[in-house]
Each structure stands twice: as structure tokens, then as C-alpha cells.
Amino acid sequence: MPIDCQREKFDLPRDVAYLNCAYMSPLPRETVLAGQQALARKARPWTIRPADFFSATEAARDLFARVIGATADDIALAPSASYGMAVACANLPLAPGQQVLMLNEEFPSTIYSWRERARAAGAEVILVPRPADDDWTSALLDHITDRTAVAALPVCHWTDGALLDLATISARLRQVGATLAIDATQSMGAFPFDLARIQPDFVAVAAYKWLLGPYSTGFLYVAPPWQNGTPIEHNWITREGSEDFARLVNYRDTYQPGARRFDVGEPSNFGLLPAVCASLRQLLEWQVERIAETLRRSTSDLARRAERFGLTAVAPERRAPHYLGLRSAGGLPVGLGERLAAHQVFVSTRGAALRITPHLYNDSTDFERFERALTQSLSG
């Protein structure tokens, strides 16, 4: 069942059509309140007990584990997707002459991370060209060979939402002995993630988009075989026995269990973690499956409205339901995004696509405003 418009849970003026969640989500009101209360508590540090350094991280870890279908032991706290991808780069094997497989026009952080890792290992980066039919799955399968060591992929392409069948791709990677690192920032929280079928090695997620969280917060899923790996930084709180502050001078070589060794330094983050938790609780209450169905109806409506202007999108069966990347045969008019913003309609231009990404705070009034603004922006 779809979800009724949830605009009242956000601080969005009625004259603003914000269709840009893939750029940065607004924070729910409850999330803002939780963050304000958390920062106010930090103003009185004598109220923060040693146990609070661990309770906040474990609450966030558990909530995100429920979103992705994992256990708390599988989750590390990261400040960004690039941090999580750096952990994957440091732990997934890559030998001279092997290949790292990625999408062309993928988000730069993934490209830069693995390009540097491949250069250091004497390996080769393969950027799969954009297929004319938007079938990234087939294009990727055609490029997987015995030389493929790692595939670093998204759930959907960040410019237009073109979807990858990661379960099929992962099965083929396992056949050749390759690993899979995923940046799920552009989908986690708005599109169901089938962890059991995909069987990734690492999944990095920034929280400030579809998880509706604050900037500089995020998570990293680490599959059990890699949980004894090497973190990219060493800090006191990830070591075994760090709960006992009086004994921190007794240095330990052993770590906290599971993926906790990969936590970023200062993971307790008293100002932001309560806000992250508030957003995750809201997503779990709404249910990701229902969010996806609601957004599928929204993007379908927006796609129909855009068709009359000659703007087309990836076919619905090959597109993530929460994404709409509008393209024009002759290319998008220069400055179209800025013209729409002048009408209080906020979207993004990414690559060759006008990226439209609504959420539960949008309704038909926003879609009508978008259509009117498009009419005025293209007629001038």
C-alpha cells in the first residue's frame, strides 16, 4: 500500500516544490528536534556518562541493520560513503594484472577510491560504457572475466536511476572468484535491498540522502568473512575493553566484535547520532517497501507530465522507482535547472539528465507546479 503525503512531518513551505532528495534530503521535524536536544546535552558534558559513548552507536548500528536486513555486528559507523569504500579498498584483494569493474559516469568518490587502489596494486580499472538501452546489467555481465577481481557498483546509476540487477551480477562475480563493493547511498531507505540474494562483501551508505539523516553520517555493512580485516584508522573505542575508561592505559591488540573495528574515530557523535536514529526509526515505521511503491507512483506521474515536452526517462522496468532522469534527444537546454529554481522548483542536472527525485513530502500540488515551471522555462 502506498503512503499518504507526509509533508506535515517536514519543514517545507507550500510554495516550494522540492524534488531533489538525491541531492540532499530535508530533515524530518522529529530528526531536527532530536538533534537540537542532543546538542543541548553536549552543552552539559557532566550529564554524559561513559556508557553513553556506546549506547548511541549501538542504537544507530541496530536500526541501520534492520533497514538493510543485517545484524548489528555487521555494521560499522562511517562519516561518508567514501570512507566505507576506502575500507573496502583496504581489505578486498587485488593483484597485478587483475581488473576493477565500475560504471562509466559513476559518482566520482567510487571512481577515485578504486583508481588509486588499482594503481597501487598494478591492476586495471575498467569503466563499462553507458549502454544505449540502459541495460547496465547485461553490459556488466559482458565485462566480467577471469581477470575481474572486484566490482564497485551502485544499486542504481546516480544520474538517471538506471537499475542494476545486483543479485545476478553478484552471482556471476562469485563464479569467477571476484568480490562486490556497493555504494548504496542513492537507494538505501527508498528501495528495498535484498542482502541475502545480493551477498555483497561491503556496502557503504551516506545518510544525508534517502536515509533522511544529517550530513557527514553514514554506515558500512561488512560481510562476516571480512570482519577480521584491517581498519583504515586506529582509535581507542574500537578496541576490546574500551568500556572501562580507567583501564584504557592497558593497551589492547584485540578489537570489539564484528565490524566495529571499522568504525570511524569518535563514532559516538553525541550531536548527530540521535538525529540519525530518529530518521531511521521513521523509515522503519513507514517501511522501505511502501516508500518505494509510493515513490514509484510519484515518478510515474512526473514522467507522464514530462513526456509532453519531449523529455524521456529510463524505461520503468529498468529504473529505480524513486528516481527519474529526464533526457532530451537534442540535449537539455542550458540553465534549465536554474530556471526551474526561479519558480521554486528544485531538481538537479546530472550528466545528460534532469534528475527528479521526490519523497513522501511531495504531492500532486508539487507535480503540477513542476509542470507549470517546465512550461514557462522551456517557452522562454
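Val32 lies in helix α1, where helices (DSSP runs of H or I of at least four residues) and strands (runs of E of at least two) are numbered from the N terminus. With a relative accessibility of 34%, Val32 counts as partly exposed; this class lies between buried, under 20% relative accessible area, and exposed, over 50%, with a 1.4 Å probe and protein chains only. Val32 and Val276 are 244 residues apart in sequence, yet their C-alpha atoms are 9.7 Å apart in space. The structure is a predicted model, in which local features need pLDDT of at least 70 and side-chain atom pairs count only at pLDDT 80 or more, while totals for chains, interfaces and linings use all residues. Residues are numbered from 1 along each chain as its sequence is written, and side-chain values use heavy atoms, with hydrogens and water left out.

Tyr23 sits in the loop between β1 (17-18) and α1 (29-42). Tyr23 itself is partly exposed, because its relative accessibility is 41%.

We now turn to the sheets. Seven strands make up an open sheet with mixed pairing, in the order β2-β8-β7-β6-β5-β3-β4; two strands are said to pair if DSSP finds at least two bridges between them. At the edges stand β2 (75-78) and β4, each of which pairs on one side only. On average, neighbouring strands of this sheet are turned by 20° against each other, direction ignored. Such angles run from 0 to 180 degrees between N-to-C directions, and the axes are lines fitted to C-alpha atoms, for helices over the stretch in contact.

Five bridges link β3 in parallel to strand β4 (residues 124-128). Across this pairing, Gln99 stands opposite Glu124, and Val100 stands opposite Val125. To get from β3 to β4, the chain passes through helix α4 (residues 108-121) in a right-handed β-α-β crossover. Right-handed means that, with the strands pointing away from the viewer, the path from the first strand over the helix to the second runs clockwise. β3 also pairs with strand β5 (residues 148-154), again in the parallel sense, over three bridges, and Leu101 has Ala151 of β5 as its bridge partner. Elsewhere in the sheet, strands β6 (residues 179-183) and β7 (residues 202-206) run parallel and are joined by three bridges, with Ala181 partnered by Phe202 in β7.

Another open sheet has three strands in the order β9-β12-β11, with antiparallel pairing. Its edges are β9 (324-326) and β11 (348-350); each has a single partner strand, so one side of each is left without a neighbour in the sheet. Here neighbouring strands are turned by 35° against each other on average, direction ignored. β11 runs antiparallel to strand β12 (residues 353-356), and three bridges join the two. One of the contacts pairs Arg350 with Ala353 in β12.

Asn269 has a positive phi of about 35°, although it is not a glycine. Asn269 belongs to the loop between β8 (218-222) and α8 (273-286) and is partly exposed, with a relative accessible area of 28%. Gln344, also not a glycine, has a positive phi near 65°. Gln344 is found in the loop between α10 (336-342) and β10 (345-346), and its relative accessibility of 28% makes it partly exposed.
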